[in-house]
Amino acid sequence: MADKMKAVVKKNGEFGAVMEEVSIPKPKSDEVLVKIKATSICGTDVHIYEWNEWAQSRIKPPQILGHEFAGDVVEVGKCVKNIKVGDYISAETHIPCHHCKPCLTGQFHICENLKIVGVDRDGCFAEYAVIPESVAWANDRSIPPEIASVQEPLGNAVYCTTVTDVFGQSVVIFGDGPTGLFATGVARVGGATRIITVGMMPFCLDIAKKMGADATINITEVKDVAEAIIEANNGEKADIVLEMAGAEKAVADAVKVLRKGGRMSAFGVLPGEVTIDYNNALVFKGATIFGINGRLMYDTWTKVRNILSSGRIDITPVITHKMPLDDFAKGFELMLDVPKKAGKIVLFP
Ligand SMILES: NC(=O)c1ccc[n+]([C@@H]2O[C@H](COP(=O)([O-])OP(=O)(O)OC[C@H]3O[C@@H](n4cnc5c(N)ncnc54)[C@H](O)[C@@H]3O)[C@@H](O)[C@H]2O)c1
Ligand SMILES: [Zn+2]
Ligand SMILES: [Zn+2]
């Protein structure tokens, strides 16, 4: 095996990233080396690429970008027990410590000391990547690499949408980004009987229709968003709302359209603090709000594998672009373009 590989590296404090030749990493005793077959661009990668305030405070360049992938294991460390050379894997991005209280109570996804692939250590926008065995997820061979590479954000959508049953209920999804679009398909598979996807990008709202939305609402085209949602929901407030936009306006509209006794999933990451009408939005409404961080390990991954390998969900409409890793800059440009003309972008090393 060669000892050098191509990798997309974030260099010191500037916009963008560069393709460089670097050494192929060596797996430590509890790690595996993966030959990447497909890798997809996430919003987090875009933040690092842009070098926003969060990235400046968290990332220590030089660092290889990327955390969503599918690939084949080519080498394992000497203490690795369950993953073998030749296994076809993806990875949970959140690396838990296994010692804190959430970990000890089985809540690994909200570990107090989480390390994140592609954020706190080198990622997978490269020909090879090293990850701990503890987060390696053996894929079903029937799932093609470009599909298997987006299981992490699809898992976000599965956890967010199905944290309680959606069967026979109305679901309003705020956000027409990749996770909102995946959630639209997941709500459909989960048996929701009225699905309304709310966003502001015509290109993405068209994808929402393909993913199974009964109605879509472009917030820039209606006078009163809450009224438009209730009208689209046959005059009723929603049983379930998913905030997957990360916008204060979406939070305000979400609590307005949620029925008494309804469920809200709080998934979007807002730029700052928000004000809500605590009494009416929560207390008197008897609402249940779930904070959704990451994916349940590994309940969510099992469900993701099952909906994909059974063919119950078709996520191909969300994967709008496939390109060689060499064209990563074009991929990032597309991700940054407004109005959006991309869903998920998959890169092939
Ligand atoms: N909780 C988690 O574990 C987790 C994980 C990944 C991402 N996130 C967050 O989830 C959110 C969605 O991420 P993403 O990558 O799917 O999408 P994104 O951030 O790319 O897109 C969000 C979309 O929301 C739409 N939007 C903006 N304001 C809106 C409003 N008022 N009502 C309805 N839609 C509106 C925009 O059209 C935009 O396309 C982001 O805030 C992201 O930071 C959370
Ligand atoms: Zn991701
Ligand atoms: Zn922990």
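Reader: How many bridges join β12 and β13, and do they run parallel or antiparallel?

Author: Four bridges join β12 (residues 194–199) to β13 (residues 215–218), and the two strands run parallel. Strands pair if DSSP finds at least two bridges between them; strands (E, at least two residues) and helices (H or I, at least four) are DSSP runs, numbered from the N terminus. This is a predicted model, where local features need pLDDT of at least 70, side-chain atom pairs count only at pLDDT 80 or more, and totals for chains, interfaces and linings use all residues. Residues are numbered from 1 along each chain as its sequence is written, while chains are lettered from A and ligands numbered from 1 in the order in which they are written.

Reader: Ok, which residue in β13 is the bridge partner of T197?

Author: That's T216.

Reader: New topic: is α6 buried or exposed?

Author: 11 of the 12 residues of α6 (residues 178–189) are buried, so the helix is largely enclosed by the rest of the structure. Buried means 20 or more other C-beta atoms within 10 Å of a residue's own, with C-beta atoms placed from the backbone. Among the buried ones are L181, F182 and R188.

Reader: What comes just after α6?

Author: G191, which takes a positive phi of about 90°.

Reader: And how far apart are the two domains' centres?

Author: The C-alpha centres of domain 1 and domain 2 lie 29 Å apart. Domain 1 covers 4–150 + 318–348 and domain 2 covers 157–291, with bounds from an automatic or database domain assignment.
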